[in-house]
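Here are a few exercises to work through with the model open beside you. Try each task before you read its solution.

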Amino acid sequence: MNTFKIGGVHPKDNKLYSAHQPIIECGLPKQAIIPLAQHIGAPAKPVVQKGDKVKVGQLIAEAGGFVSANVHSGVSGTVTKIDVTTDAWGMKMPAVFIDVEGDEWMEDINRTSDVLRECAMEPKEIIDKIAKAGIVGLGGACFPTHVKLCPPPGQKAEVLIVNGVECEPYLTCDHQLMLEHGEEIMIGIQITMRALGINRAVIGIEKNKPDAIARMTELAHKALGIEVKPLKLKYPQGGEKQLIDACIGRQVASGALPISVGAVVDNVATIFAIYEAVQKNKPLISRVMTVTGKSVKKPGNYLVRFGTPLAQVIEMAGGIPEDTGKIIGGGPMMGRAMNSVDMPAHKRTSGLLFLPEDESRRGEVANCIRCGKCVTACPMGLEPYLLSRMSELKMYDEMEQHNVMDCIDCGCCMFTCPSHRPLLDYIRSGKGIVGGNIRARQAAAKAAAEAKK
Amino acid sequence: MDLIIISLLVLGVTGLVAAILLFFIAQKFKVEEDPRIDEVQAVLPGANCGGCGFAGCRALAEACTKASSLDGLLCPVGGAPVMEKVGAILGMAAPAGEPKVAVIRCNGTCEARPKTSEYNGTRSCAIMSAMYVGESGCAYGCLGCGDCVEACAFGALKMNPETGLPEVDENLCTSCGKCVKACPRHIIELRKKGENNQRMVVKCLNQDKGPAAKKVCANACIGCGLCAKVCPQEAITVANNVAYIDFDKCVVCRECEPQCPTGALWGMGFPERLSKTAAAPAQETEAVSTDKDEKFDSAIAAKIQAIKTPRAVFPACLPYNNK
């Protein structure tokens with residue numbers, strides 16, 4: 001069984017709470033707040049106005065740039081305002097507020113549960129449809145999928161890698177999606193392969209999901225060129241570069257994109273969204289999110305329309321447990337503790353995790369004892385202790401020389417540190433500044449080049 | 001005996017050769033340096049704080065010596081007197097600089113801005129501000145981890161545990177600007193010290209609309225514009241729901257101060273302020289309500305009164321408890 005070669009850690013997977021819970025549809029909210037920046041890149045530009053009537057699946061904002069994605073309404077009703085709202089971390093984001101009236105869908109969306117197998121579209125048509133449907137990577141980064149499916153000139157995709165790893169502890173939404181919608185995912189993979197003009201796909205699934213491996217393998221036997229790769233349990237196997245290494249044994253160079261080794265990586269949830277968009281004309285208006293935790297009354301996987309307040313989703317799961325010390329948006333490794341739950345669900349919200357008080361505190365920080373555990377754990381082969389110290393001392397140029405930009409924020413270093421040092425906090429803060437410096441330098445170089453002309 | 005003589009000879013001759021060699025090399029590679037650089041450096045404070053924008057005092061001295069005029073070159077620590085001395089050495093007129101001081105533009109005390117969450121990460125404002133809005137709900141105010149205190153090379157900043165805010169010791173502040181750069185929320189501003197160390201400051205940067213700002217902090221500027229209306233110098237502008245006082249225009253008449261319904265606008269350096277308002281509150285509010293603005297009703301006056309009475313030491317800077 002394969003896994004990636006460098007680093008990695010083994011956190012307890014804790015998936016038992018919500019694993020095998022059937023996907024339940026979460027009810028419609030009274031008011032939906034649909035953020036316009038649900039993806040990496042420029043926020044979308046609203047195309048509706050106050051007072052407009054919208055239907056489910058109607059385009060309400062179009063992509064605001066090359067790396068940007070369309071936003072569709074997840075509900076039907078009247079637009080009451082376009083204003084800023086705060087996310088769970090108190091940051092401002094522009095959003096469209098809709099008062100929900102009924103549940104009226106756009107006519108061209110196929111709402112039946114039939115599995116549509118045939119797809120005779122041209123690659124370009126498929127990619128257009130994906131772009132129109134506003135599909136972004138649902139694994140967490142929310143990178144617009146249509147951009148990923150258009151390799152830059154001179155580079156060619158050879159293999160599609162489908163991420164069914166779900167290496168984050170606690171989260172089970174992708175697992176459940178594979179179990180319930182395996183067939184659709186298979187068709188989605190074939191459509192994506194068609195769009196990329198390739199005939200090989202590898203589905204990576206960690207071995208703690210034996211039923212998903214069995215189901216997908218069974219389905220893969222019927223399809224050409226699709227292979228299921230059971231993988232050893234190791235975090236962060238769901239990271240793009242780690243998954244490529246684990247699945248096809250190729251290493252992506254520092255600073256390079258997966259396409260440089262001929263790979264395109266997509267999450268199973270993204271693939272499912274592609275299926276729905278291409279075959280059923282349904283834009284990305286909902287996603288499955290896991291609500292879980294030791295003390296949650298009804299942990300499970302909920303299908304949530306974008307715009308639904310998280311409070312409503314929590315209500316469905318039995319409310320906030322009394323012993324909650326921290327609510328984390330996403331998984332425990334890469335997710336962030338939330339400041340409030342007054343936030344709508346959107347493309348990025350993959351899960352809600354309620355940690356009890358006694359588990360939610362960081363350990364007492366002690367001095368670095370130079371044990372090197374973080375270096376062993378880093379899946380990118382970096383030296384976290386060094387980078388974090390450099391960040392503390394504001395040595396940003398040195399950080400850049402030590403490849404801080406390769407850091408994937410996985411948190412393995414901090415997880416493994418016996419002194420509980422806040423390594424990732426410092427590295428991430430330094431990385432932000434180094435990134436800013438690099439961009440400033442590039443902008444200056446560009447300006448200089450233009451001045452020369 | 002021979003051994004000693006041989007050793008002496010060998011070492012002596014080697015030393016002589018090396019000395020001659022070094023003499024010629026020194027002649028050949030001699031760096032011509034303006035002797036005035038040393039003189040200028042001697043005048044500068046020698047703190048090497050970097051507040052002038054150069055790598056240290058030596059670098060500023062070099063820059064001054066090379067420059068054709070002293071415009072734009074200023075040692076913020078030494079201020080005008082030092083620059084005059086530098087000017088005297090270099091035979092140039094020193095620009096008239098006005099002494100400045102760091103001002104903390106946030107008055108979100110623990111009492112006014114209760115904690116809504118507890119931050120458990122690294123105690124650093126830069127990291128905290130990248131993570132989320134902060135322990136209070138205010139996205140613009142002080143985070144209270146003391147990055148500015150750490151940045152200050154002169155010990156002029158310290159955290160006040162009662163308010164949870166940094167305080168500037170104006171006698172020690174050299175206006176080097178390091179804290180300004182260190183603050184991720186850009187709260188700290190270098191303002192003119194003003195006559196008698198007195199100046200008017202809007203101690204808030206909250207750009208939210210009035211009710212939203214007020215919800216997170218009782219001391220927030222709500223952008224009502226009452227202060228701008230009364231300012232005889234038109235020094236106050238309200239943009240993005242927050243007032244700003246142009247310190248070049250302000251003459252410190254303090255007309256604006258009683259207008260502020262939330263107490264975001266402060267006169268700094270007036271020690272008698274509290275006692276005066278406490279002694280004759282009725283008179284002042286009445287005068288204001290007849291002279292300045294009809295809108296200024298008694299309810300607001302009462303609020304001002306409440307704000308201006310000295311506050312009790314608030315014990316609630318304790319960590320947020322979610323129980």
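**Exercise 1.** Work out how helices α2 and α3 of chain B pack against each other.

*Solution.* Keep in mind that this is a predicted model. Start with the axes: α2 (residues 35-43) and α3 (residues 57-66) of chain B pack at an angle of about 125°, and their axes are 8 Å apart. Next, handedness: α2(B) passes α3(B) in a right-handed crossing. Now pick out the residues. α2(B) brings R36(B), I37(B), V40(B) and Q41(B), while α3(B) brings C57(B), R58(B), A61(B), E62(B), C64(B) and T65(B). Sort them by class and you get five nonpolar, two polar and three charged residues.

**Exercise 2.** Find the strand order of the four-stranded open sheet in chain A, then say which strands stand at its edges.

*Solution.* Reading across, the order is β2-β8-β7-β4, with antiparallel pairing. β2 (31-35) and β4 (53-54) of chain A each have a single partner strand, so they stand at the edges with one side lacking a neighbour in the sheet. Further in, β7 (residues 77-86) and β8 (residues 92-100) of chain A pair over nine bridges.

**Exercise 3.** Describe the contact between chains A and B, class by class on the chain B side.

*Solution.* Count first: chain B gives 13 residues and chain A gives 12. Then sort the chain B side, which has seven nonpolar, six polar and no charged residues.

Note on methods: Residues numbered from 1 in each chain as written. Chains lettered and ligands numbered in written order. Predicted model: local features only at pLDDT ≥ 70, side-chain atom pairs only at ≥ 80, totals over all residues. Contact = placed C-beta atoms within 7 Å. Nonpolar A, V, L, I, M, F, W, Y, C, P; charged D, E, K, R; others polar. Pairing = 2+ DSSP bridges. Helix = DSSP H or I, 4+ residues; strand = E, 2+ residues; numbered from the N terminus. Axes fitted to C-alpha atoms, helices over the stretch in contact; angles between N-to-C directions. Left-handed = near helix turned anticlockwise from the far one by under 90°.
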